[in-house]
Amino acid sequence: MTSSLPLYVDIEGRNDASVMPPGVFCGTSSWTFAVCADRDKLQALAQRLISDPTGGEWQVCVPAGLVLMIFFNEDSLNSPAQPIGWTPNQEFVCSIPVLLQSKSDPLKVHIGLLPPWVYIDNARGMVTGRESWGYFKNLGTISAPKEWSSDFCCSLDTLTFTPVAPSTEGEVTRLVTVEPIYEVTDPPTHIPGLPPAQHATIVELLRRHVEEDALELFEKAVMALEPFAITVFNLKQFRDVTDPTRACFQAITTSPLQVTKIESMHLLPQGLGVTIEACGSEQMAQLLGICDCPAKVLFGIGAELEYSAISGATLWQARTGC
């Protein structure tokens, strides 16, 4: 029970890197790109992050060979629970759509996103995301436009090491790029309105672009958007101070993203591709099973919205000895 937990120790007047949730994101331009990936490799990665730590107590299923690459360009990020100010915010998220099912209660099924990679451009967002919700966050420089243009490009630069060796000095690498792989002449298609009753409009627009199994998953995800909330799953963990090969805390958490306003949504034109650089310390393409680079974007969605990262729940927590 939350009420039995000790109080978090805050020091007033100290600019702490870990800020009290919720996180409120305003003036957001988001760009979501769906890419084909190896379903077996996605399942193996999800298994390692969810099922294995819980000893099978929670089973994870990857229903489609689909990965979502999401870029965010946000005017402001702040916490109304700790209102000391705001910062602009840019993030890159690589997510796998998954289904979670409880072994002890098979009727407990959750649908959402599992993000093995999250990059952000500020330390406060990185520390808070890791400590509060358990996101696998790292620092990076994210470039994402506020609107579509003829020279559209989204990119992620971050610190990498190639080869992986004690003598290797880290260097900043362009890890992910999304841009046209051939001439794009069509403009984005406006998606008219997003009341729950009109969700079918999005599905119909995507039907001609998406594989059948991916479309089925998308339809389920759209239905889960009835309250305009998206569930994100994380393996929240901290290394032990005595034995760093062990976790002194480990849990599977949910991290709801509550959409509060949608200004507009657009289906992006065909012709975009995702390039992932192969680096010694960052095996994103290999772990996801994305063989061809640039990989064709199945469909892309641009949106202008506002949302909040709100309090979640603990689905499972490891027992630690005294």
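This is a predicted model: local features need pLDDT of at least 70, side-chain atom pairs count only at pLDDT 80 or more; totals for chains, interfaces and linings use all residues.
Buried here means under 20% relative accessible area, so Asp157, with 18%, falls on the buried side of the cut-off.

**Salt bridges**
- The count comes to four salt bridges.
- Arg174 is partly exposed, at 41% relative accessible area.
- Lys146 pairs up with Asp75, with 3.1 Å between the closest N and O atoms. This one links Lys146, in the loop between β7 (141-143) and β8 (154-160), to Asp75 in strand β3 (residues 66-78), 71 residues apart. Lys146 is partly exposed at 35%, and Asp75 is partly exposed at 43%.
- Glu263 and Lys261 form another, at 3.8 Å. Glu263 counts as exposed at 53%, while Lys261 is partly exposed at 39%.

**Buried polar residues in strands**
- Asn234, in strand β11 (residues 229-239), is buried at 1% relative accessibility. Its side chain makes a polar contact with that of Ser255 at 3.2 Å. Beyond its sequence neighbours within four places, Asn234 touches residues including Trp133, Tyr135 and Phe136.
- Ser95, in strand β4 (residues 87-102), is buried at 3%. Setting aside neighbours within four places, its contacts include Val67, Leu68 and Pro115.

**Helix α1**
- Asp38 caps the N-terminal end, with a side-chain oxygen 2.9 Å from the backbone nitrogen of Asp40.
- Among the buried residues of α1 (residues 39-51) are Leu42, Leu45 and Leu49.

Technical notes:
Residues are numbered from 1 along each chain as its sequence is written. Side-chain values use heavy atoms; hydrogens and water are left out. Buried means under 20% relative accessible area, exposed over 50%, partly exposed in between (1.4 Å probe, protein chains only). Helices (H or I, at least four residues) and strands (E, at least two) are DSSP runs, numbered from the N terminus. A polar contact is a pair of N or O atoms within 3.5 Å; within protein, one must be able to donate a hydrogen and the other to accept it, and residues adjacent in sequence count only if both atoms are side-chain atoms. Contact means heavy atoms within 4.5 Å. A salt bridge is a side-chain nitrogen of Lys or Arg within 4 Å of a carboxyl oxygen of Asp or Glu.
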